[in-house]
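Trainee: Please take one part of this model and go through it closely: the aromatic rings and what surrounds them.

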Amino acid sequence: MSSLPRARRRARRRGAVAAAAAACVLATAAPATATAGRTAVGTVAAAVPRLDWSPCSYAPGFQCATAEVPLDHRHPGGRTIDLAVIRRPATDPAHRAGSLFFNPGGPGNATAGTAALPVAYEAFPRELRERFDIVSWDPRGVGRSTAVRCFTSAEEFAAWSARVPDGFPVGARERAAWISAFAELGRLCQQRVPDLLRHVSTADTARDLDLLRQAVGERGLNYLGVSYGTFLGATYANLFPGSVRAMVLDGGVDPVTWTRPSPPLPTDLRARADVGSAQTLARFLDLCGRTTTDRCAFSAGTPRATRDKFERLLRRLAAQPQGEWTYAATVAAVVEGLYFVDPGWTDLAGLLQALWEGRAPSPSAPDGPSGASETSTAAGKSVTPGRSPAAQPPVYPEIEPPYAVQCSESPVPRDTRLYPAFEKYAHARSGDVGRYWTWLSEPCATWPARAAAPYTGPWNRPTPPLLTVNTTYDPATPYPQAVSLTGRLAHARLITVRGYGHTALLNPSQCVSDHEVRYFLAGALPPRGAVCDQDVQPFAPGTEASTPDAPAPDAVPPGK
């Protein structure tokens with residue numbers, strides 16, 4: 001759990017997952033090397049950046065560098081921007097096999113690679129750490145790279161943040177405040193970083209990644225991407241199909257859902273993240289109700305009684321908040337708390353029980369286990385890697401980059417008057433969590449910038465075999481998204497993880513790890529239809545929960 005401020009919680013997306021991986025087993029893979037390709041269709045080759053590695057002062061044992069890349073890859077001779085890059089060299093250099101790039105998701109959160117990799121590194125299997133340099137970077141617009149920063153001071157940010165309801169807006173007055181505040185955010189960004197806003201798309205980052213691949217001397221890319229990082233991986237694989245060596249995509253984002261406005265819903269509702277959260281929450285409450293209060297503090301003795309208790313708690317908070325724990329803030333914390341099982345579900349149960357008993361945590365207390373995935377550098381004290389003294393973490397929570405990336409390339413309905421109706425629709429199909437996911441996408445309705453050169457397909461260009469991985473109950477990237485992603489790629493194989501939580505990275509499975517390590521080191525694919533179980537079941541030890549099957553498909557929007 002995290003003590004991040006409320007505004008940082010609002011900024012989190014489906015992929016804020018990286019640094020919490022320190023407690024998890026990380027697994028990757030790699031098939032045979034493919035012929036390298038140097039440029040994507042429609043682009044001009046940019047100069048490969050030089051990486052002058054030096055020790056990272058903020059991360060002992062790691063090396064930092066700064067890469068200079070074009071702002072606009074279509075015009076590589078124009079303005080340049082900086083990317084902060086980090087690596088941990090292979091621990092067995094005599095048997096070094098290459099570099100493995102890691103993207104922790106987002107898009108655009110403080111889970112940027114320079115913060116995430118030092119925390120997550122020990123979770124990589126020993127074989128990978130021995131034989132590969134593990135490399136990550138802050139994507140353009142984020143963190144220590146040339147960043148989208150739209151406030152001139154922490155005070156300006158605090159004044160703006162005070163206007164935004166925590167979690168999501170409830171009622172007409174809060175909805176108006178939310179819409180107005182995020183429209184203002186867009187205007188501020190357009191005024192202060194107009195050129196950068198048009199060049200922070202996933203396609204721009206994929207082109208950066210290809211330059212980084214060449215900069216470390218790799219003919220083919222080895223890559224692990226989680227959550228939003230799966231969309232980045234799919235984009236790279238289709239822009240540079242001849243430059244892929246191995247790619248593991250964990251917690252799938254369907255690229256067509258992301259890039260096309262059909263059905264005409266906000267992005268997160270198109271992706272059915274609300275349905276995934278509702279199904280996972282239902283399992284959380286059922287499994288909690290099947291065990292004792294020493295394993296799940298919120299248990300009411302039976303699944304039905306526990307579900308009823310949860311509903312009563314939310315209705316009580318809607319009528320009378322406990323300090324800063326409003327109904328909406330609590331629903332947001334529940335969604336985020338479902339991201340990882342151990343110890344996240346136990347911690348979430350403890351939070352709900354504390355609220356039930358009227359023991360509201362203080363504002364600085366934990367606000368949801370997914371917060372552990374963000375390494376806060378808001379104090380601005382970290383030393384900048386590489387050559388650019390301006391590329392420091394901001395002195396306020398980094399809220400702009402997620403919107404800058406997603407809103408520039410993932411279409412949403414632009415009429416803000418429609419969002420109460422979307423909320424009603426999402427609530428009807430997914431309950432309270434539907435409201436959270438509706439409003440998470442709404443800031444894109446008033447975002448002023450569109451990506452100059454996005455990638456929208458095709459998604460099936462021939463590549464070496466890729467691996468996709470997904471839990472059956474993922475509250476942010478539902479299992480059907482991974483099925484769709486796998487089917488759209490030209491050559492991909494899905495590992496189904498019978499379990500709970502957001503990504504196998506945060507919810508490890510030795511079975512998945514074994515499959516992926518064999519794939520990475522020996523090029524061995526798992527069998528078709530491979531199914532794995534998680535290592536730790538909810539509320540372990542001694543939980544009586546049965547192994548979960550995949551959730552049944554539910555209805556699509558009427559007429560779609």
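**Aromatic pairs**

Mentor: Tryptophan 137 is buried, at 1% relative accessibility (buried is under 20% relative accessible area, exposed over 50%, partly exposed in between, with a 1.4 Å probe and protein chains only). This is a predicted model, in which local features need pLDDT of at least 70 and side-chain atom pairs pLDDT 80 or more, while totals for chains, interfaces and linings use all residues. Residues are numbered from 1 along each chain as its sequence is written, and side-chain values use heavy atoms, leaving out hydrogens and water.

Phenylalanine 101 is also buried, with a relative accessible area of 1%. The structure holds 29 aromatic pairs (Phe, Tyr or six-membered Trp rings with centres within 6.5 Å; planes under 30 degrees apart are stacked, over 60 edge-to-face, the rest tilted). Phenylalanine 101 and tryptophan 137 form an edge-to-face pair, 6.2 Å centre to centre with 75° between the planes. This pair joins strand β4 (residues 98-103) to strand β5 (residues 132-137), its members being 36 residues apart (strands are DSSP runs of E, at least two residues, and helices of H or I, at least four, numbered from the N terminus).

Phenylalanine 284 and phenylalanine 539 have ring centres 5.8 Å apart and planes at 55°, so they count as tilted. Phenylalanine 284 belongs to helix α11 (residues 273-290) and phenylalanine 539 to the segment after β10 (531-533), 255 residues apart. Both are buried.

Ring pairs also link a cluster that includes Trp160, Tyr403 and Trp439. Tyr403 is one of the buried residues of α15. Ten of the ten residues of α15 (residues 400-409) are buried, so this helix is largely enclosed by the rest of the structure.
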